[in-house]
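This briefing covers a helix with its surface patch, and then strand pairing.

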Amino acid sequence: MKNSMRIIIKIKAEANGVHRDQAWNDTSSIPDGYVLLPEGEEVQAAYEAAKPFMDLELDENGVLVGITALDKPEETATETPIDAVTQTQIALAELAEVEAAHDLENKLALAELAEVLTGG
């Protein structure tokens with residue numbers, strides 16, 4: 001068993017196109033679905049330039065022989081970004097709602113106390 005840390009890469013890309021990778025110290029036992037990153041300078045450089053969006057080229061024995069960088073997919077915005085002024089206005093509005101609720105609770109509590117004290 002070789003004890004130096006190496007990189008293993010998941011052969012099948014995730015739904016977002018990313019190939020997961022991780023450090024691995026037992027190169028004699030690579031998990032199913034992963035491939036060992038070879039030690040050669042050329043493939044190491046290709047890996048560093050491409051990760052995590054890459055196409056893996058394996059030979060007939062399942063050995064990684066090439067890596068091609070892929071374009072990073074465009075991110076789709078799920079929400080419109082909110083600027084700092086709008087965020088502050090939203091926070092102040094929420095604070096005003098909380099303060100109004102507490103004010104109403106206090107008025108109700110005072111009215112209840114007054115009713116108890118006056119025997120009503």
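Leu 117 is found in helix α2 (residues 84-117); helices are DSSP runs of H or I with at least four residues, strands are E runs of at least two, and both are numbered from the N terminus. The model is predicted: local features need pLDDT of at least 70, side-chain atom pairs count only at pLDDT 80 or more, and totals for chains, interfaces and linings use all residues. Residues are numbered from 1 along each chain as its sequence is written, and side-chain values use heavy atoms, leaving out hydrogens and water.

**Surface**
- Leu 117 counts as exposed because its relative accessibility is 68% (exposed is over 50%, buried under 20%, partly exposed in between, with a 1.4 Å probe and protein chains only).
- Together with Leu 110 and Leu 113, Leu 117 forms a nonpolar surface patch of about 340 Å² accessible area.
- Patch residues have over 30% relative accessible area and no salt bridge, with nonpolar side chains (Val, Leu, Ile, Met, Phe, Trp, Tyr) joined within 5 Å and like charges within 9 Å.
- A salt bridge is a side-chain nitrogen of Lys or Arg within 4 Å of a carboxyl oxygen of Asp or Glu; areas come from the Shrake-Rupley method with a 1.4 Å probe.

**Hairpin**
- Strands β4 (residues 54-58) and β5 (residues 64-69) run antiparallel and are joined by five bridges (pairing needs at least two DSSP bridges).
- Leu 56 has Ile 67 in β5 as its bridge partner.
- Five residues lie between the strands of this hairpin, where Gly 62 takes a positive phi near 80°.

**Open sheet**
- Three strands form an open sheet in the order β2-β1-β3, with antiparallel pairing.
- β2 (21-24) and β3 (34-36) stand at the edges with a single partner strand each, so one side of each lacks a neighbour in the sheet.
- Four bridges pair β1 (residues 6-10) with β2, and Ile 9 has Asp 21 in β2 as its bridge partner.
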